[in-house]
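Q: Before we look at individual features, could you take me through how one reads burial, pairing and packing from a set of coordinates?

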Amino acid sequence: MVDQSAVGRSFTPVTARVEPGRLRFFLNTLGEKNPVYRNGDAPPVPPTYLFCLEMMDATEPFEFLNALGIDLARVLHGEQRFDYHAPVVVGDTLTFRPKVTSVTDKKGGAMTLIVVETAITNQDGVHVADAARTIVVRNARPS
């Protein structure tokens with residue numbers, strides 16, 4: 001079971017390039033038709049693309065689960081948030097730095113909510129976004 005000692009724990013940074021082909025595939029998969037994401041030399045990315053990009057380019061996409069001893073079969077995706085501070089466009093190279101910021105037990109320890117916040121910077125060192133995800137871990141019940 002994950003406890004408060006996990007708060008503040010950082011994980012391997014992920015570097016990913018925003019490539020037009022991969023972005024187009026993402027947009028097509030979602031059925032996204034908004035021309036703002038498709039026109040021009042450096043179109044912006046849709047808000048949720050950052051989560052996808054981080055997972056696709058991570059050497060170990062579930063590193064934080066493994067590091068914290070969490071069985072993927074017990075995990076539910078609880079919530080996701082993106083706070084943009086500057087535009088992210090095709091051609092950017094982004095660095096994602098994830099860190100556990102909160103661990104909360106619920107339902108008498110039957111579940112644990114873990115918040116992982118990720119600071120995202122571009123190739124110029126500009127802090128372009130923060131992403132947060134809450135995962136829900138169903139804990140094993142004692143016998």
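A: Let us start with what covering will mean here: two residues are in contact when heavy atoms lie within 4.5 Å. Please keep in mind throughout that this is a predicted model.

Q: Which residues of helix α1 are buried, and what covers them includes which element?

A: The general idea is that an α-helix has 3.6 residues a turn, so residues three or four places apart point the same way. In α1, which spans residues 20-30, the buried residues include Leu 23, Phe 26 and Leu 27. Viewed down the axis of α1, its buried residues fall within an arc of 95°, and therefore they line one face of the helix. The face turned away from that buried side carries Phe 25 and Thr 29, which are exposed, while α2 (49-57) is among what covers the buried residues of α1. After α1 comes Gly 31, with a positive phi near 75°.

Q: Which residues of the largest nonpolar core touch the most other members?

A: The idea is to join buried nonpolar residues through their side-chain atoms into a set. In the largest such core, of 21 residues, Val 18, Leu 50, Leu 94, Phe 96 and Ile 120 touch the most other members, and the elements giving two or more residues to this core are β1, α1, α2, β3 (93-106) and β5. Another core, of 14 residues, lies apart from it and has Ala 6, Leu 65, Leu 68 and Val 137 among its members.

Q: How many aromatic pairs are there, and what does the pair of Phe 11 and Phe 64 look like?

A: There are two aromatic pairs; the one formed by Phe 11 and Phe 64 is tilted, at 6.3 Å centre to centre with 55° between the planes. Because Phe 11 lies in the segment before β1 (14-17) and Phe 64 in helix α3 (residues 63-67), the pair ties together parts that are 53 residues apart in sequence. Both Phe 11 and Phe 64 are buried.

Terms used: Residues are numbered from 1 along each chain as its sequence is written. This is a predicted model: local features need pLDDT of at least 70, side-chain atom pairs count only at pLDDT 80 or more; totals for chains, interfaces and linings use all residues. Side-chain values use heavy atoms; hydrogens and water are left out. Rings of Phe, Tyr and Trp (its six-membered ring) pair if their centres lie within 6.5 Å; planes under 30 degrees apart count as stacked, over 60 as edge-to-face and the rest as tilted. Helices (H or I, at least four residues) and strands (E, at least two) are DSSP runs, numbered from the N terminus. Buried means under 20% relative accessible area, exposed over 50%, partly exposed in between (1.4 Å probe, protein chains only). The arc is that of the directions from the helix axis to the C-beta atoms. A nonpolar core is a set of buried Ala, Val, Leu, Ile, Met, Phe, Trp, Tyr and Cys residues joined through side-chain atoms within 4.5 Å.
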